Amino acid sequence: MACGAPQALDAGHPLDGFDCGRPALNEWLVRHARQAHASGSARTYVVVDDQRIAGYFSLSVGQIDSLEAPDRVRKEMGNYPIPVVILARLAVSLAHQGRGIGVGMLQEAIRRTLAISDLAGVRALLTHPIDEAAERFYVRFGFEASPAREQQLILLLKDARRLLAPVPARRSPAEAASRGGVSSWGSEGVKGSC
Ligand SMILES: CC(C)(COP(=O)(O)OP(=O)(O)OC[C@H]1O[C@@H](n2cnc3c(N)ncnc32)[C@H](O)[C@@H]1OP(=O)(O)O)[C@@H](O)C(=O)NCCC(=O)NCCS
């Protein structure tokens, strides 16, 4: 069964029962995501597998004080606030973890951040990892710690762009398929095997 590309959350998506192993992230999706989406405080995108939510991520926009940003992000920004897109939440259901959906959604969040940056200034993608395991996930993809705030990680947009570039496969397609992994990613979105 192939996972479709992330879709904007709508009234028909079956949110009940989503379990990523982190109650706060489950509860936010089930109880608050639709309201946040409707009010415009956060846009949520879901990956659906056979009528179940395999994963979701949410985006907002904001700004941070330049002192909160790593040197490379502050560079050439003076003391002005730094505009960011906030990856407010990202979670994959326990049943779907380890199949490339998390990194696929991160790539999709970056694509959407780049699209926003075509219309308005955006310097970086920012996130607040829920725990140390989540932090390791993001650091692995180049996010840097804020020098001033705990649990705040920042990825410069030009570094984020590199995560979308084709890279030599670490796994063969056959190996990926045998793991039930994502088989390909494209500008059209996530194409995974759920
Ligand atoms: C963290 C999370 C999103 C990862 O999603 P996933 O779909 O299981 O991850 P993927 O299969 O896309 O993994 C991509 C790569 O990252 C690695 N990875 C996954 N979780 C990792 C972690 N916590 N730390 C370091 N690396 C990690 C995988 O091993 C994989 O590497 P590989 O390609 O060399 O095998 C998922 O485990 C999750 O939802 N956890 C609970 C909620 C959470 O922590 N959300 C994070 C934001 S607060």
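**Ile154 and its contacts**

I started at Ile154 and set aside its neighbours within four places in sequence; Ile154 is then in contact with Ala69, Pro70, Val73, Ala124, Leu126, Phe143, Glu144 and Ser146. I count two residues as in contact if their C-beta atoms, placed from the backbone, lie within 7 Å.

A note on the source: this is a predicted model, where local features need pLDDT of at least 70 and side-chain atom pairs count only at pLDDT 80 or more, while totals for chains, interfaces and linings use all residues. Residues are numbered from 1 along each chain as its sequence is written.

**Ser146**

Next I looked up Ser146, which lies in the loop between strand S7 (144–145) and strand S8 (153–156). Helices (H or I, at least four residues) and strands (E, at least two) are DSSP runs, numbered from the N terminus. Is Ser146 buried or exposed? Ser146 is buried, because 20 other C-beta atoms lie within 10 Å. The cut-offs are 20 or more such atoms within 10 Å for buried, 12 or fewer for exposed, and partly exposed in between, with C-beta atoms placed from the backbone. Beyond four places in sequence, I found Ser146 in contact with Glu68, Ala69, Pro70, Gln152 and Ile154. The C-alpha atoms of Ser146 and Ala69 are 5.4 Å apart, although the two residues are separated by 77 residues along the chain.

**The core**

I then checked the largest nonpolar core, which has 43 residues; Phe57, Val84, Ala124, Leu125 and Ile154 have the most contacts inside it. Such a core is a set of buried Ala, Val, Leu, Ile, Met, Phe, Trp, Tyr and Cys residues joined through C-beta atoms within 7 Å. S5 gives the largest share of this core, 8 residues.

**The sheet**

In what order do the strands of the open sheet run? I read 7 strands in the order S2-S3-S4-S5-S6-S8-S7, with mixed pairing. Strands pair if DSSP finds at least two bridges between them. Strand S2 (7–8) and S7 are the edge strands, each pairing on one side only. Strand S4 (residues 52–64) and strand S5 (residues 82–92) run antiparallel and are joined by 10 bridges. Leu59 stands opposite Leu87 in S5.

**The ligand shell**

Last, I looked around the ligand: 22 residues surround it, and the closest are Gln97, Gly102, Val103, Ala134 and Arg136.

Methods:
Near = placed C-beta within 6 Å.
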